[in-house]
Amino acid sequence: MVRGEKVILDSDLAKLYGVETRRLNEQVRRNIEKFPDDFMFQLTKEEFENLKSQIATSSSWGGRRKLPLVFTEYGALQAANVLNSSRANKMSVFIVRTFVRLREMA
């Protein structure tokens, strides 16, 4: 949860879609008009530090030059559209189901 929203990190979403984080972020930035603030936003330095402190492992954080993007349910689905790959389309169904389960649990 960040800013009161359930979100997924760009690196985690990229893994689900089978692409590099760099590629996901490139496609998002090329199609930025498709990602309003309630779909995706960039973490502040404080939010990123807080998130890192909440997660026990630090291996996935190494080498980041930019603050990560995070995607809401809508943004995660929109990312599948801009990636336009077979795996992204399949994973978007999985993501919908995951967010629905999270909503039901809350």
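## A guided tour of the sheet and its helices

Start by selecting the strands: 3 of them form an open sheet in the order β1-β3-β2, with antiparallel pairing. Strands here are DSSP runs of E with at least two residues, helices are runs of H or I with at least four residues, and both are numbered from the N terminus. Two strands count as paired if DSSP finds at least two bridges between them. The edges are taken by β1 and β2 (40-42), each having a single partner strand, so one side of each is left without a neighbour in the sheet.

Before moving on, two notes on what you are viewing. This is a predicted model, in which local features need pLDDT of at least 70 and side-chain atom pairs count only at pLDDT 80 or more, while totals for chains, interfaces and linings use all residues. Residues are numbered from 1 along each chain as its sequence is written, and side-chain values use heavy atoms, with hydrogens and water left out.

**Stop 1: strands β2 and β3.** Select β2 together with strand β3 (residues 69-71), and you will find antiparallel pairing over 3 bridges. Show F41, and opposite this residue you will see V70 in β3.

Now pick L69, also found in strand β3. L69 is buried, with a relative accessible area of 2%; buried means under 20%, exposed over 50% and partly exposed in between, using a 1.4 Å probe and protein chains only. Setting aside neighbours within four places in sequence, L69 has contacts that include I8, V28, M40 and F41, where contact means heavy atoms within 4.5 Å. For a distance check, the C-alpha atoms of L69 and I8 are separated by 8.6 Å, although the two residues are 61 residues apart along the chain.

**Stop 2: helix α1.** Select residues 10-17 and colour D10, S11, L13, A14 and Y17, the buried residues of this helix. They cover an arc of only 160 degrees around the axis, which puts them on the same side of α1; the arc is that of the directions from the helix axis to the C-beta atoms. Among the elements covering these buried residues are β1, α2, β3, α4 and α5 (86-105).

**Stop 3: helix α2.** The buried residues here are L24, N25, Q27 and V28. Their arc around the axis is only 160 degrees, which puts them on the same side of α2. The buried residues of α2 pack against α1, β2, β3 and α4.

Zoom in on V28: it is buried, with a relative accessible area of 0%. Beyond four places in sequence, V28 is in contact with F35, M40, L69 and F71.

**Stop 4: where α2 meets α4.** Select helix α2 (residues 21-30) and helix α4 (residues 73-83), whose axes lie 9 Å apart at an angle of about 90 degrees. Each axis is a line fitted to C-alpha atoms over the stretch in contact, and angles run from 0 to 180 degrees between N-to-C directions. The two helices are therefore roughly perpendicular, a term for angles of 65 to 115 degrees. Show R23, L24 and Q27 in α2, which meet A79, V82 and L83 in α4.

**Last stop: R3.** Go to the segment before β1 (8-9), where R3 lies. R3 has a positive phi of about 55 degrees although it is not a glycine, and R3 is partly exposed, with a relative accessible area of 48%.

Terms used
Angles under 35 degrees count as roughly parallel, over 145 as roughly antiparallel, 65 to 115 as roughly perpendicular and the rest as oblique.
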